[in-house]
Amino acid sequence: MADELVKLTIDGREVEVPRGTKVIEAVRDMGSDVPHYCWHPGLTVAGNCRICMVEVDMGRGRQTVISCNLDCSPGMQVFTQSDPAKQARQDVMELLLINHPLDCPICDQAGECKLQEYSFEFGADGSRFEFPKVHKPKHVDFSEHVKFDAERCILCTRCVRFCDEIAGEDELSIVNRGDRNEIAVARGGEMTNAYQLNTVDICPVGALTSTDFRFKSRVWFLKQTRSVCGSCSRGCNTTVGTRWNKVLRMVPAENDDVNQWWMCDAGRLAFKHTAADERLGAPMVRKDGKLVEASWDEALSAAVEGLEAAGDGLFALVSARLTNEELFLARGILDKVGTQHVDFKPRTWPKDDLLRTGDGNPNAAGARFFGIAPGDGAHGLEALAESGLKAAFLCGEDLDERPDDLAALEAMDFVLCTGFHETETMRRCASVVLPGVTEFEKDGSFTNIDGRMQRIQPSLSAPGSARPDWKLLGQLLARLGGGEAPRSADQVLKSMGATHPELEGLSLGRLGPLGKSLPQGESPVTEGENTVTAGENTVTEGENTVTEGASA
Amino acid sequence: MSYVKVSRRELTLAEKLYLPSILAGLKNTMSHLLRRGDNEITTMQYPEEKWDLPSYYRGVPVLVKDEDEREKCVACSLCEFVCPPRAISIIPKQIEGVVEKAPEVFDIDMLRCIFCGYCEEVCPEQAIFMSKEYEICGQTREELVYPMDKLYELGKTLGTDGGVKDAPKKWETLAREQGQQGLASDQDA
Amino acid sequence: MNPLLAQLTAAETDGWWAGFQAFFVAPENAWAVSLLLVLIVGKTIPGMVSLLVWVERRGAALLQDRLGPNRVGPFGILQSIADLVKFIFKEDVLPGHVNKPIFLLAPALAVIPPLVVLSFIPWGANVAIADVDTGILACFAFSSLHVYSVSLGGWASNSKYPLLGGVRAAAQMISYEIALGLSALSVFVIAGTLRLHDVVMFQTDGLTIAGTTYDALWARILDWNLFKQPLGAIIFLIAGFAETNRHPFDMPEAESELAAGYHTEFSSMKFALFFLGEYAAMIVMSSLFIVMYLGGWTFFGVENLLTDWVAEYGAANPGWINWPLIVEAHLHVGIFLGKLAFLLWFFIWVRWSLPRFRYDQLMSIGWKRLLPASLLWFALTAVGVALVR
């Protein structure tokens, strides 16, 4: 059935779509768009906003109908831009705006508001409604993350359907009657589902706003950068909004193969560490028992000296939050040093059936791929305390919450730490500290739980003289005799093909905005269709991909 | 013919000598010094005398309050967006009351401001106006970044609502309507 | 006896006061009188310059229907003092790319020659710091040093506009010095002396026409070299404007073309010295014009009103300072300063009335008009003098 195609005409163009396709989807597939509020590709059809009016001729003359709930049928003629269709949308706009407060100057949605956009496109310049507007509660807390403004709401029920269909908790509904209709949390409680901030994304107007981002900045000032969430091994695609070199919000970016349009609340709020007070801005070397700031040259020399002296007695804990490029370089360093005592630290994360995987390491698959695991007969992390090793390399990792291991580290002769903020481990044990950066400040790729390589991109500049980890690891490797230091993460990825044939021909650009699956033993470049990508920076400032991805 | 030959008049001896015209020039300037004819002093003694500013004059942009001393600005940041030299910087904050937002920080860098008036034009709340103030001076660059309280202080020269008669009172209307519909209790702080 | 004189003589008996007077009267102590004059002139000229700057700015403003500096002191007369204070406290920039010794020397060279020349000017019958027989030659010798300050200042600055300004100035000042010298030469041909004192006296001894000497007022007026040497006087005046780099010949600092010309790189007091030098040069040029063409300290007999009193007092009080002589000196200097004020005003008046010449016009006037005219006039004068004798 799904393969059966129907042929219809849209705005004079003949198109073929699978049977069962809605007209609004057919128009979107053409690259055009029909205005819509309540329809969302990831939700069931409600058909209540009535803005998606088109004119359709099915052989019984033209009539205006909503396109979101109309199946394409053979011979159908669709007119999306005809005068009656436009007039119908204008009438719907006028009705929607009767009770809308028009408080755009204080509304956070302004700039990515469908109501604004369509009003600008075909709204009237004034209201014919002479009576006082109906007023409803404003800034109501739906939960600690979500605020609700009933006046702005157009009752499209996207949020209601999301909670029911996607988050699996039917906790929102419409209450009251007629023009007193409003959204309310069921049983008068708070929203509790772990994906509730997605309702803010999909809300086409400013009715639902994020408490965290509320009044932080107008959205048009945000620099939007496409990246990947670093909180779990799902690797949800994100769009990071930054301003004043600060992350102000993180919203999901559409990727059908990974996270579709969604993202968990905890993941999207996991950017506070970028602005932490104890960020490292300069290398440090321990002198007379105290960590003091040092030059990069001095710190790198000390690190190399310590690593070489340690040799196969080095214990290496390489973080699985590092990018593939960094893991590759770390692997190179460990091979040069010649140690087998390699491991990464497991991290837990809530687990559910929707997105959250339970594995808090965004690149655990990458770590396994590059062999970040103890060799035969070597000590892993669990055996660290009893290993008796005298040197350690904590690459982007700490052991703050493991007192026994900390004690073991403290007893060592040499401990090299890299990381982006000062940890208890560094304060107590480190001989040399090299400042790295967060995943918001560097280029690279993560491999998610399904073996999909996805690109992360920098949206902030790093504090002080901190260097991206690929850069400092590359410099370490070069000083250990591993050839020339790489000049970019992309260069590292391109050079991996020599030792990892399945990565042959890959580059950050070729990963594309949606990433690339790496089936075992298959060269990715053979997947012809996926190799065409949209260049280096797919999301640039001012391009409003957030709206499109989140509330399409 | 592609060109026209223009012959200059032959100068007389007196003209060639320059001296008569030099004397004429001296006579002319002396008549100005002695204020002969309608030669009046044309300059203005600045700090004491000041230019009568036309109504369309655009001086320092200032913020105004309404007649209830309420901030009109809601930190919508449209002026910040429209400002060609990016002289304005705003950080919003949440407040209690009918209006939920107000500026926490509202700085205008007078060294950057080009007095174009776009901010006044774009403001949806009629909260920013181009004043008649033009004497801007300071010892440091920082001093010339006018903070919010200074902008409100300067705004007082225009009177409440920027001197606009029948300024829109949309928030007042909103509060009244909310009150009539029984929503005032949890709104007006 | 004059009552004032009686009072003066009555006071003199003995003690330190007599010794004081005797010291100054003694011929071997003439240096002390000169030193006193040097101090007076040396202090007065900068004061005059500051006044002159105020007159220039205020005059310029009035000529242009403005008010000019009117804030500091009565009528703004202390404006120059305020400016001077500002100059003193300004940062004295010594650019890194300049030739330091010469860069530092140039402002000094701008001030010293005009001040030296002023020592040869006879301000009154007995008021001259150095009354040398070859006065005019000494004047020209020292005033031609002025060109060094401009050209060296421009050259040592080691940047393009000052260099162009310096080159222009050198060419201009050398060109016009010839016309200036030739027109002055005619004066000394008819006067038969190079001593400036005698040139002045030559203009007061009555007009001699065909052997008859007339002593009436009209004759005294016509006795001024201005009327005996009209063309020479005009050439001297024009060349004088060019020599002092004044409008309409201020090419060296034509600011629309050369920023500030030769002194672009100079700041603070170094700039102030150039400024001082320029105005001092104006005073020098005006003084020379007064001495050579306008009868110096004389004014149709007024200068002789006190002669008898001086002689009487001198005869009555030998060995004492001749106080009436000092009063007479003040009269002479006053007459001289009156004429100087008029001429300086003329300089200013011209500056704010005329547009600047183009540089090619400047050179063309200097070499093709003034030089032949002054040569011709010199020849005519020489022939005339030969015929009359």
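Trainee: What is the relative accessible area of C:Leu185, and into which class does that put the residue?
Mentor: The classes are buried (under 20% relative accessible area), exposed (over 50%) and partly exposed in between, with a 1.4 Å probe and protein chains only. C:Leu185 has a relative accessible area of 36%, so its class is partly exposed.

Trainee: At what pLDDT do side-chain atom pairs count here?
Mentor: Residues are numbered from 1 along each chain as its sequence is written, chains are lettered from A and ligands numbered from 1 in the order in which they are written, and side-chain values use heavy atoms, with hydrogens and water left out. This is a predicted model in which totals for chains, interfaces and linings use all residues, local features need pLDDT of at least 70, and side-chain atom pairs count only at pLDDT 80 or more.

Trainee: How far from C:Ile136 in space is C:Leu185?
Mentor: C:Leu185 is found in helix 8 of chain C; helices (H or I, at least four residues) and strands (E, at least two) are DSSP runs numbered from the N terminus. In sequence, C:Leu185 and C:Ile136 are 49 residues apart, while their C-alpha distance is 9.4 Å.

Trainee: How is helix 8 of chain C oriented relative to helix 14 of chain C?
Mentor: Axes are lines fitted to C-alpha atoms over the stretch in contact, and angles run from 0 to 180 degrees between N-to-C directions. Helix 8 (residues 160-191) and helix 14 (residues 268-293) of chain C pack at about 30°, their axes being 10 Å apart. Therefore helix 8 of chain C is, relative to helix 14 of chain C, roughly parallel (under 35 degrees; over 145 is roughly antiparallel, 65 to 115 roughly perpendicular and the rest oblique).

Trainee: How many nonpolar residues are in the contact of helix 8 of chain C with helix 14 of chain C?
Mentor: Contact means heavy atoms within 4.5 Å, and on the helix 8 side of chain C the residues include C:Leu180 and C:Phe188, which face C:Met285, C:Met292 and C:Tyr293 in helix 14 of chain C. Ala, Val, Leu, Ile, Met, Phe, Trp, Tyr, Cys and Pro count as nonpolar, Asp, Glu, Lys and Arg as charged, and the others, Gly among them, as polar. By class, the contact of helix 8 with helix 14 of chain C has no charged residues, one polar and, as nonpolar, seven.

Trainee: What is the distance between the axes of helix 5 and helix 14 of chain C?
Mentor: Two packed helices are described by the angle between their axes and the distance between the axes. For helix 5 (residues 100-118) and helix 14 of chain C, the angle is about 25° and the distance is 8 Å.

Trainee: How many charged residues are in the contact of helix 5 of chain C with helix 14 of chain C?
Mentor: Helix 5 of chain C brings residues including C:Phe103 and C:Pro107, while those of helix 14 of chain C include C:Lys270 and C:Gly277. The contact of helix 5 with helix 14 of chain C has 16 nonpolar residues, two polar and, as charged, one.

Trainee: What is the radius of gyration of chain B?
Mentor: Chain B has six helices and five strands, and its C-alpha atoms fill a box of roughly 100 × 50 × 35 Å along the principal axes. The radius is taken over C-alpha atoms, and the globule rule is 2.2 Å times the number of residues to the power 0.38. A compact globule of 189 residues would be near 16 Å, but chain B has 29 Å.

Trainee: What share of the residues in chain A is buried?
Mentor: Chain A contains 16 helices and 25 strands. Of its 552 residues, the buried ones make up 58%.
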